[in-house]
Amino acid sequence: MADMPPTRDERDWLPSDLDLDRLQWTSVLYYLHETNPDNGLVRDKTDPAAPCSIAAVGMALATLPVVIERGVLFRPFAAKLARRRLQFLYELPQGPEPDASGYKGFFYHFLDIETGRRVWQCELSTIDSALLFAGMLTAATYFDHDTADEAEVRRLVDALYRRADWDWARNGGPTVTHGWRPETGFLPYRYEGYDEGLLLYVLGLGSPTYPLPPESYPAFCATYQWKQLYGRELLYSGPLFTHQLSHLWVDFRGIRDAFMRDRGSDYFENSRQAAFVQQAYAVHNPMQFIGYGEHCWGFTACDGPGWVKRVVGGIERQFFDYDARGAPFGPDDGTVAPWVVVASLPFAPEIVVPTVCHMAGLNLGGQERRYGFKPSFNQTFRVDDSPTGWWVTPYYFGIDQGPVALMIENYRSGLVWDVMRRCPYIVDGLRRAGFTGGWL
């Protein structure tokens with residue numbers, strides 16, 4: 001496989017451990033400051049009116065091994081935090097009622113941060129539930145000591161994971177649906193075409209109670225798109241986060257399913273190629289957005305300036321709100337996400353580090369940097385009263401902070417990857433999907 005990352009001995013240009021410590025610490029502060037201490041639910045974003053995001057809860061659970069091993073939290077106290085959070089989730093009402101917290105073992109995307117009940121008539125989300133389960137399983141696998149709190153963490157996680165009915169989530173089809181609403185039934189969309197659904201299928205196949213059938217994973221892979229872009233071949237997915245979220249937990253280096261065996265690659269190498277494609281797109285900058293270049297890229301699902309049209313430099317531009325931006329086929333409105341660049345550190349450090357250094361010099365958010373980089377900015381969208389002169393999101397998002405902390409740690413020590421190699425459900429899911437080789 002081409003373009004392998006340099007060895008550690010070759011990385012004399014890398015940031016220091018202190019730099020990485022600081023970025024990890026400021027990122028995980030989100031889960032300390034934006035968590036309801038009564039129940040452990042995590043706010044979706046830094047808006048006082050925002051509800052809980054179940055995916056953010058999963059990220060918070062997944063970062064506990066990192067903050068323990070880096071000396072931020074005392075292990076027995078962290079175990080208590082995990083136990084309390086899991087107990088609350090376990091006791092939340094499950095059922096077809098529209099004001100329940102979940103159904104068939106899955107959870108609604110957004111919950112009231114005080115009561116844990118569904119808000120906004122949102123969907124029962126299979127992928128956000130998967131991110132929650134992945135965080136739970138991280139905690140259960142890591143907390144392996146013979147103490148009452150750690151044993152209870154393991155018991156609760158096992159019970160929560162086992163009650164998810166993955167087979168139901170197919171709605172009779174070969175692939176998994178995006179979710180369900182009590183008012184209208186299953187959503188019309190399915191996890192097809194390569195994306196973060198890779199994690200969802202591994203978790204669904206690994207279930208000991210209501211697993212996905214064996215044919216579901218080949219059906220998912222049958223919708224893949226293999227493309228050649230900027231002289232690189234890869235399994236295509238536009239938003240960069242789709243090449244990362246599964247990798248927060250699973251070390252895909254050297255393990256291959258049938259699809260990757262046929263192409264002599266693996267999903268880790270594919271994510272590396274995706275990072276280079278994103279950089280190449282920014283260098284080519286076909287839509288001529290301000291700021292794009294070798295050290296300014298990162299196109300993904302993120303906040304944006306809003307659904308508005310403006311004439312910029314004689315060109316009418318359509319800008320977006322929160323949207324799944326991607327490269328090279330868009331959508332694109334000039335918005336870049338620093339967090340998704342940092343989360344590519346294990347894949348392509350030689351292009352990530354210079355980009356992060358460049359973005360650090362942009363003073364994103366002025367003095368408001370308590371949680372690290374602001375998640376997105378747009379230099380084409382001018383804002384007169386902004387400290388930078390252009391748009392920077394006013395919010396931080398809970399789902400963005402975890403990938404930064406977890407992927408820095410996987411780059412530094414492989415901690416989360418090593419933990420999840422010991423998770424029997426993950427191992428079973430990978431094997432049932434046909435993965436072989438490497439650490440498997």
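Predicted model: local features only at pLDDT ≥ 70, side-chain atom pairs only at ≥ 80, totals over all residues.

Me: How do you know that the span of helix α13 is close to the expected one?
Reply: Helix α13 covers residues 398-412, which is 15 residues. From its first C-alpha to its last it reaches 22 Å, close to the 21 Å expected at 1.5 Å a residue. The expected span is 1.5 Å times one less than the number of residues.

Me: What makes a run of residues a helix or a strand here?
Reply: Both are DSSP runs, numbered from the N terminus: helices are H or I with at least four residues, strands are E with at least two.

Me: Why is α13 called largely enclosed?
Reply: Buried means under 20% relative accessible area, exposed over 50%, and partly exposed in between (1.4 Å probe, protein chains only). In α13, 14 of the 15 residues are buried, so the rest of the structure largely encloses this helix.

Me: Why does T126 count as buried?
Reply: T126 has 3% relative accessibility, so it counts as buried. T126 lies in helix α5, residues 126-142. Not counting residues up to four places away in sequence, T126 touches F106, A169, V176, T177, H178, G179, Y191 and L200. Contact means heavy atoms within 4.5 Å.

Me: Is W226 partly exposed or buried, and what is the value behind the label?
Reply: W226 is partly exposed, because its relative accessible area is 28%. W226 is found in strand β8. Leaving aside neighbours within four places in sequence, its contacts are E233, L234, L235, F259, R263 and N270. S237 is eleven residues from W226 in sequence, and their C-alpha atoms are 9.4 Å apart.

Me: How do you know that β8 and β9 pair?
Reply: Two strands pair if DSSP finds at least two bridges between them. Strand β8 (residues 226-229) and strand β9 (residues 232-235) are joined by four bridges and run antiparallel. W226 stands opposite L235 in β9. The two strands form a hairpin with two residues between them, and Y230 in the turn has a positive phi of about 50 degrees.

Me: What joins β11 to β12?
Reply: Five bridges join strand β11 (residues 308-312) to strand β12 (residues 315-319), and the strands run antiparallel. In β12, I315 is the bridge partner of V312. This hairpin also has two residues between its strands, and G313 takes a positive phi near 60 degrees.

Me: Why do β14 and β16 stand at the edges?
Reply: The open sheet has three strands in the order β14-β15-β16, with antiparallel pairing. β14 (335-336) and β16 (390-392) each have a single partner strand, so one side of each is left without a neighbour in the sheet. Strand β15 (residues 377-382) pairs with β16 over three bridges. There, N378 has W391 in β16 as its bridge partner.

Me: Why are α7 and α15 called roughly perpendicular?
Reply: The axes of α7 (residues 197-206) and α15 (residues 424-432) cross at roughly 105 degrees and come within 7 Å. Axes are lines fitted to C-alpha atoms, for helices over the stretch in contact, and angles run from 0 to 180 degrees between N-to-C directions. Angles of 65 to 115 degrees count as roughly perpendicular. The two helices are therefore roughly perpendicular to each other.

Me: Which residues meet there?
Reply: V202, L203, L205 and G206 in α7 meet Y425, I426, D428, G429, L430 and R432 in α15. By class, this contact has six nonpolar, two polar and two charged residues. Ala, Val, Leu, Ile, Met, Phe, Trp, Tyr, Cys and Pro count as nonpolar, Asp, Glu, Lys and Arg as charged, and the others, Gly among them, as polar.

Me: Why does W120 count as exposed?
Reply: W120 has a relative accessible area of 60%, so the label is exposed. Its phi is near 60 degrees, a positive value in a residue other than glycine.

Key. Residues numbered from 1 in each chain as written. Heavy atoms only, no water. Parallel < 35°, antiparallel > 145°, perpendicular 65-115°, else oblique.
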